Amino acid sequence: MSETIFSKIIKREIPADIIYEDEFCLAFNDINPQAPVHFLVIPKKSIATINDIEEQDRELVGHLYIAAAKIAKEKGFADDGYRVVMNCNESAGQTVFHIHLHVLAGKPLGWPPYTDKL
Ligand code: 5GP
């Protein structure tokens, strides 16, 4: 598995504003936030994209969502609401090829405009 900026964050080779860590995952604030709250939840295991998730990763991927909800509850925005997104490959905007949940909150979250409807 190739090295990414996120595997370097896991190994503490580059700094990040880490807000949560356990045996299986790490969460840290996004360097370029798109909302008042924007953090990433990543597995410690390197998996490049959603397409590379295997059956053996079933619990790990579920764990990322449980960690996201735990942080949302601890930070007090769980009841107000938040969005969890994982991009897959270039057309979806994936730029770091180590899977990660984006967790966004703190403002009304619309969908991107789609003007090409028939
Ligand atoms: P993607 O576009 O792959 O879905 O999301 C990658 C995210 O990682 C982006 O929102 C980007 O701002 C964030 N990011 C990229 N490099 C770094 C970094 O070095 N530190 C942190 N904290 N976030 C990063």
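H100 is buried in this predicted model, because 25 other C-beta atoms lie within 10 Å of its own, where 20 or more is the cut-off for a buried residue. The UniProt annotation "active site", taken from an unreviewed entry, covers H100, and this residue sits in the loop between β4 (83–85) and β5 (101–105).

**Surroundings of H100**
- Leaving aside residues up to four places away in sequence, H100 touches F6, L40, V41, I42 and M86.

**Strand pairing around β5**
- β5 pairs with β3 (residues 37–43) in the antiparallel sense over five bridges, and within this pairing H38 stands opposite L104 of β5.
- β4 and β5 also run antiparallel, joined by three bridges, with H102 in β5 as the bridge partner of V85.

**The chain as a whole**
- The secondary structure comes to two helices and five strands, which follow the pattern α-β-β-β-α-β-β when read along the sequence.
- The radius of gyration is 15 Å, close to the 13 Å that the globule rule gives for 118 residues, so the chain is as compact as a globular protein of that length.
- Along its principal axes, the C-alpha trace spans about 40 × 35 × 30 Å.
- Of the 118 residues, 19% count as buried, and H100 is one of the buried residues.
- Among contacts with a separation of 6 or more, 55% are between residues 24 or more positions apart.

Note on methods:
Residues are numbered from 1 along each chain as its sequence is written. This is a predicted model: local features need pLDDT of at least 70, side-chain atom pairs count only at pLDDT 80 or more; totals for chains, interfaces and linings use all residues. UniProt positions are given in the numbering used here, feature names are shortened, and annotations may be inferred rather than shown by experiment. Helices (H or I, at least four residues) and strands (E, at least two) are DSSP runs, numbered from the N terminus. A residue is buried if 20 or more other C-beta atoms lie within 10 Å of its own, exposed if 12 or fewer, and partly exposed in between; C-beta atoms are placed from the backbone. Two residues are in contact if their C-beta atoms, placed from the backbone, lie within 7 Å. Two strands pair if DSSP finds at least two bridges between them. The radius of gyration is taken over C-alpha atoms; the globule rule is 2.2 Å times the number of residues to the power 0.38.
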